[in-house]
Amino acid sequence: MEDLILFSCLIVSSSWPDHFIHLFGNLVSVPSGGTTPCHYGEEVWQDGSSLRTTIRAENEVEANKLANNYRFGFRKWKSHVTERPIEDRSDIVRELYSELNFVRPQGSLITCGNIAYLILFGWWISLAYLLVCVLMFLTIIGVPYGKLCWKLSCYFLWPFGKSILKVTVMTVLFHIFPHYVCARAFVCVCMCVCACLLACLVSCAVPCWVQCRVSTYVWLLLGYPLLGLIHSLACFLSWILVFTIPVAKMNARTLAIILLMPPEDVHIHRLKKVDDQVLLCCYHAFNWYYYKYTLDGINVFAVNLLPLVITTLVVGYVDTENQFVSSEAKFAAAVSSIIPLSYYIGMGIASISAQSNFAVGAVVNATFGSITEMTFYITALLRGHKAGTKCYEEIVKAALTGTLLGCILFIPGISMIIGGFKHREQRFNSRSAGVSSALLFISVGGVFAPTLFSKAYGSLVCAGCSSSQANTSGPFTCMDCHYDMVSTYISCSPLVYTISVLLPSAYLIGLIFTLKTHSHIYDIQVSDTGTGMCDTSLYWLRALSVLIMATLLMAACADLTTEHIKPILDHSSISQYFIGVTVLAMVPEIPEIFNGIQFALQNNISLSLEVGNCIAVQVCMIQIPLLILFNTFYDVGFVLLFSDLHLWASIFSVIVVNYIFMDGKSDYFQGTALVVVYLILLALYFFAPSPHTC
């Protein structure tokens with residue numbers, strides 16, 4: 001028997017720290033009966049004729065999530081669904097969450113990222129401090145803060161290799177409670193006045209430190225608001241760019257702590273080992289690893305795109321006449337807003353499934369797993385029915401086919417390419433992949449069966465026909481020939497309803513086969529859930545709230561997308577087929593593409609392939625039958641008859657991908673073949689004429 005796929009496990013020994021790293025392991029070949037432990041979350045080995053997967057995680061929820069990744073019909077999710085303790089993460093990731101207040105050995109400070117900081121942020125932040133410095137000197141009483149602004153102006157021009165220190169003990173309260181600066185200044189002034197009265201009103205000059213405290217009012221009225229605006233802008237811009245988050249932390253820490261301290265307590269020195277308290281020190285303004293940064297378990301990219309979602313909905317539903325924003329811009333914003341919402345829906349599904357039994361998880365994945373696409377399809381069909389045009393129906397069919405092609409060809413292909421650059425050859429369980437392949441054959445055959453039926457028994461209708469004047473009985477030349485959808489669909493509608501029942505039944509049988517009767521194909525065992533504790537009820541409620549809210553927002557964005565797509569369809573020189581199979585089909589799947597790539601990079605190509613197959617099977621066996629069911633109760637004119645281009649492109653894709661998956665091995669060449677086939681099909685759609693109904 002061929003060598004087994006080995007997903008590496010976490011090494012636990014007395015010499016290792018007691019923590020778990022939850023990344024999928026390297027795929028390597030081992031002899032029958034062998035195991036190879038390592039530092040990842042699961043291990044697979046041969047035991048007789050079964051393939052066993054042992055999973056270790058820091059808590060039960062994460063273990064269930066990892067197990068669900070191997071189950072048919074469950075969404076494959078790479079990220080954690082519970083908050084991960086920072087001490088359990090690698091040194092590189094821990095550094096991402098540092099507060100920029102500790103000194104460490106430094107390397108070269110002249111880097112491309114630091115130079116980019118100087119160009120993008122450093123010069124105008126430094127200039128702002130210089131202007132506030134002049135303003136403080138003009139007030140006379142604000143001279144101490146003017147000196148501080150001059151020092152910070154030099155610092156922010158090039159902050160790397162320098163540290164801001166707190167050198168006295170008198171201002172601890174300013175660091176711990178920075179919001180009470182005004183209150184302390186007022187108390188100091190009152191105490192000074194009382195001391196002067198008790199000293200029999202001795203005529204003497206006001207001490208310098210009292211003048212400094214009085215100058216705080218001038219600073220808080222004139223200097224701090226201006227610099228607060230500058231730092232807020234720099235913080236926002238650097239946070240949105242994600243990879244420059246250290247710049248955002250530096251600006252936020254300056255605004256919240258340093259600018260609220262007495263100026264004489266702030267000193268700037270070259271980075272070195274010091275005994276004073278370090279308030280701020282930064283080595284690099286740019287870090288590629290910030291794509292891993294999370295806020296309460298949510299990826300920073302998804303967090304940063306939330307303002308786009310809110311702005312899109314507000315502008316889309318307020319500016320109904322397109323007076324301020326064009327319809328094309330609203331369409332682009334609405335489509336882009338689908339990306340973070342797809343991420344939140346996927347996270348919610350994975351989290352709920354991990355905290356429920358397999359029956360509830362299967363139902364949640366079957367329903368909400370298709371909610372992103374279904375909201376767009378249904379709103380498009382409703383809008384097309386209201387407008388009395390079949391163009392929207394053709395767009396929906398193109399999007400369905402595009403999702404099928406992208407999940408069959410592009411997601412596995414790009415995962416193989418990127419994973420192949422890191423790993424020479426990757427192996428996967430051909431037996432478990434065979435289940436998805438069989439269902440894929442069944443589903444594609446079922447979906448396109450009415451189309452094949454119409455080709456054999458349908459009525460061909462031609463328009464723009466002409467014949468030679470010399471020979472009226474000769475052949476006709478016709479410009480537009482197509483099958484009469486109405487008459488053909490009436491004759492094959494019993495077949496459509498039969499298929500809409502058989503496909504979900506086959507999906508249900510697949511679930512029972514893989515999760516119950518033949519679960520030994522995966523043989524998933526949870527060996528150790530570690531010592532981590534988590535409040536499952538809290539995570540379950542949060543996941544449910546996120547899932548419901550993201551679904552509602554997705555419906556609103558889908559409505560805006562279908563509302564503003566008409567100008568693009570009417571005035572675009574690109575075929576409507578191409579718009580459907582690319583933008584509308586693949587944008588909602590962007591989170592799944594990144595999941596597949598991450599699995600491949602960690603040598604878990606098996607899950608990368610399952611990501612695409614799972615979505616493709618759901619498109620055929622769940623989404624299309626649901627559209628037929630919806631059309632049965634509310635007739636929007638949806639006809640399950642596809643064009644010849646959709647038919648042959650889908651069949652050809654299924655044949656190609658099953659041929660490549662036969663040997664249970666993958667490399668970057670096979671991935672390139674899949675991506676090239678996908679690009680060839682996209683070229684066909686790009687140059688194809690628009691549907692006659694558009």
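This dialogue walks through a few features of a predicted model.

Colleague: Where do I start? How many helices and strands are there in the protein chain?

Modeller: Start with the overall count. The protein chain has 24 helices and 14 strands. It holds 694 residues, and 52% of them count as buried.

Colleague: What share of the contacts comes from residues 24 or more positions apart?

Modeller: Look at separation along the sequence. Among contacts with a separation of 6 or more, 79% join residues 24 or more positions apart.

Colleague: Now a single residue. Is T561 buried or exposed?

Modeller: Buried means under 20% relative accessible area. T561 has 1% relative accessibility, so T561 counts as buried. T561 sits in helix α18, which spans residues 536-563.

Colleague: Which residues does T561 touch, leaving out those up to four places away in sequence?

Modeller: T561 touches F331, A334, V335, I338, F376 and L584.

Colleague: Which residues make the nonpolar surface patch?

Modeller: Among them are I110, L118, W123, W150 and L241. The patch covers about 1200 Å².

Colleague: Which helix gives the largest share of the patch?

Modeller: Helix α3 does, with 8 residues. Both α3 (112-138) and α4 (143-157) supply at least two residues each.

Note on methods. Residues numbered from 1 in each chain as written. Predicted model: local features only at pLDDT ≥ 70, side-chain atom pairs only at ≥ 80, totals over all residues. Heavy atoms only, no water. Helix = DSSP H or I, 4+ residues; strand = E, 2+ residues; numbered from the N terminus. Buried < 20%, exposed > 50% of the residue type's maximum accessible area, 1.4 Å probe, protein only. Contact = heavy atoms within 4.5 Å. Patch = residues over 30% accessible without salt bridge, like charges linked within 9 Å, V, L, I, M, F, W, Y side chains within 5 Å. Areas by Shrake-Rupley, 256 points an atom, 1.4 Å probe, with all protein chains shown as cover. Salt bridge = Lys/Arg side-chain N within 4 Å of Asp/Glu carboxyl O.
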